[in-house]
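Trainee: Could you take me through the pockets of this model, looking closely at what lines them?

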Amino acid sequence: MTTTVPRFEELAAPSDWRTVEFISDLHLQASEPATFQAWRRYLQKTEASAVFILGDLFEVWVGDDCTSDADGAFEAECCAVLREAARNRPIFFMHGNRDFLVGARFLAACGLTGLHDPTVLHFAGERTVLSHGDLLCLDDVDYQRFRLQARSAEWQQRFLSQPLAVRRQQARGIREQSEARKQAGDATYADLDGPATQDWLRAAGARTLIHGHTHRPAVHALGTGLQRVVLSDWDAAAHPPRAEVLRLSPGQGLERLSAVPM
């Protein structure tokens, strides 16, 4: 499967920003309280000038009205955490493949700034491309077809017009099917396409792509001075725990930090 170079939005960091931090793929859900607590502590303690959430903050999102029913207490608590954190510094949110239905209503309630995928960040004298990463997984043809369909206004309107209880039930079914495939060993995960990633970086005039989605934290050299830096997923209950933050500052460059005391 091939893709064209997408439209990039540009974000110029204010001159008083000293450090920015990136996280993704926390997959927050009520059944995993350790990860939620680690995330809340991180947002309370970080001294970053800005925090960028690059997709899949939530395991699933069935619409911004999900905080309005009895099952929405967890989502409402997440909103409260974000709202408090956003009082202290800008928090940017980019959609992932699990939470692409997060809308303007939720962002406004939490004080978040929505971030286009992809965005070029101007900071520390560099142009850095930010993306969730799924759009570059070209070998996952079935997913790319679904992504194209699910990001359309028509599909989203049709899904969101269903009763909230029905949407929650559908989401549970999808998660159960996904977990069953994992347990059976049938789940395969495509990685980012190298040539397409290079095309993105050249078109953006950038040397580095920072992304999540694949849950394979690493730095990949792409040749001619280009690289992609992969964020970690979060699972604070794992052994050892996974809760990594990527920090970027002018003096230190990119650093990986744990949000969980070791």
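Mentor: In this predicted model, the lining of the largest pocket draws at least two residues from each of three helices, namely α4 (141-150), α5 (153-160) and α6 (164-184). Among the contributors, α6 gives the most, supplying ten residues to that lining. The lining of the largest pocket comprises 41 residues in total, and those lying nearest the centre of the pocket are N97, R98, I174, S178 and R181. By residue class, this lining divides into 16 charged, 15 nonpolar and ten polar residues, and the space it surrounds, that of the largest pocket, has a volume of about 1,400 Å³.

The second largest pocket, for its part, holds about 340 Å³ of space. Its lining is made up of 16 residues, of which A30, V60, E75, R168 and R175 are the closest to the centre of the pocket. Here the helices that each supply at least two lining residues are α2 (73-86) and α6, and the largest share, four residues, comes from α6. The lining of this second largest pocket divides into eight nonpolar, six charged and two polar residues.

Definitions and conventions
Residues numbered from 1 in each chain as written. Predicted model: local features only at pLDDT ≥ 70, side-chain atom pairs only at ≥ 80, totals over all residues. Heavy atoms only, no water. 1 Å grid on protein atoms, 1.4 Å probe; cavity = no way out; pocket = protein on both sides within 12 Å on 5 of 7 lines; lining within 4 Å. Points joined across faces, edges and corners; volume = space filled by probe spheres on them. Nonpolar A, V, L, I, M, F, W, Y, C, P; charged D, E, K, R; others polar.
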